[in-house]
Structures are given as C-alpha cells and as structure tokens.
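Keep the sequence beside the model as you read.

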Amino acid sequence: MSLVPNTNIRIDNFAYMKNDLTKYTFLLTHCHEDHIKGLHSSWNYGNIYCSQISALLISERFPNLKLLVQPLELDEPHWIYTDEQKKEGVTLTLIDSNHCPGSVMFLIQGKKSGTVLHTGDFRVSEKILSHPALFPLHNDKLEKTVLYREFDHFGDQKKQKPLLPGKKFIEQSHKSI
Ligand SMILES: [Zn+2]
C-alpha cells in the first residue's frame, strides 16, 4: 500500500510488479488479505521483512516464498540493506500493533528516509504508547508522522492534510484510553 518516500521500501505493496525493474525492499505489516494483495506462489521480487508469525503464515500459504520471507524479532533494531551493493540501508524496529496475530508497525530510521513510523492497522494500547522505540515521537527527533483519513498511502502529501501531527496524536491517544 505504501512506498516510503526517498527509499525503495514498499510496505504491504506487492502488486503491479510485472514490468517494474526497480529493486524494492518489501515490508509486510500483517497477513490480512488487503495487505498481501499481489503475492502469489511464483512471486519473486525480493526479500519480505515481517514478524515471525507473519513469516509462518506466508510460508504456509505460499511455500515457494519461504526463502524470501525474512522474519525479524520484535522490539529490537535491525539493520537491513536496501540495495544489492550493500551500501545503503535502514534500521527497522518492529512493534506489536495489537491488531491480529503477527501484526506489527514499522519504525524506519535511515539517512534518506529520516524517521518514519508506519503503523499499518493498529489498535492503540498503553504498551504501544510507552514503547521505548517510540520515545522519539515525544520530542523533535521524529521528522514526520502523518495520519491520513484515507490511510492507504504516503503519496500526494501536498494534497492531503495530516489528520493529526504525531505529538498531538500521542497526547490524544493517552486521553482516549
Ligand atoms: Zn488488518
């Protein structure tokens, strides 16, 4: 659904790959149908980073994708390369998004991307709000957190108004629990 700005990282975005020669880095937040659109048993466009549970679910459904699926531990930073020359990469932290088994949000930190929190589908909880990896949300280090009413992509940022800036969102979320 999303292409992270200034990177080749696609999140829950596996379709329309046929004539695209660009090398992408794929992230999967969770395995609900609307997030795995485009995946099929002969899909072969690169590694897919996700939680251990999502990796199991994908491997069970598409055994041929077993070698492409790269399960990552939650709650700790992982460095992943985003190019074949291994010159560029980002730090990825997976955080339980409290939505369904294996669902995660991605905290992406990189030179070109800046700091991006991709929540995917999530249900806010005290555990999420107090997650140490999200402390940057509480100060100026986070460059941008954008929530769209349309919620399906980062594109056309100029046309769309953010629903709430990150800090405000956190404060309001605290109040609504
Ligand atoms: Zn979902």
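Residues are numbered from 1 along each chain, as its sequence is written. The model is predicted, so local features need pLDDT of at least 70 and side-chain atom pairs count only at pLDDT 80 or more, while totals for chains, interfaces and linings use all residues.

A word on terms. Strands are DSSP runs of E with at least two residues, numbered from the N terminus. Two strands pair if DSSP finds at least two bridges between them.

Now take β7 and β8. D96 has V104 in β8 as its bridge partner.

Turn to the other pairing of β7. Strand β7 spans residues 89-96, and strand β6 spans residues 77-81. They pair in the antiparallel sense over 5 bridges. Here P77 stands opposite T93 in β7.

Go back to β8 and move on to strand β9, residues 114-118. These two strands also run antiparallel, joined by 5 bridges. F106 has H118 in β9 as its bridge partner. Together β8 and β9 form a hairpin, with 3 residues between them.

How many residues of β8 are buried? The count is 7 of its 7. A residue is buried if 20 or more other C-beta atoms lie within 10 Å of its own, with C-beta atoms placed from the backbone. Both faces of β8 are covered. V104, F106, I108 and G110 are buried on one side. M105, L107 and Q109 are buried on the other.

Key: Helices (H or I, at least four residues) and strands (E, at least two) are DSSP runs, numbered from the N terminus. A residue is buried if 20 or more other C-beta atoms lie within 10 Å of its own, exposed if 12 or fewer, and partly exposed in between; C-beta atoms are placed from the backbone.
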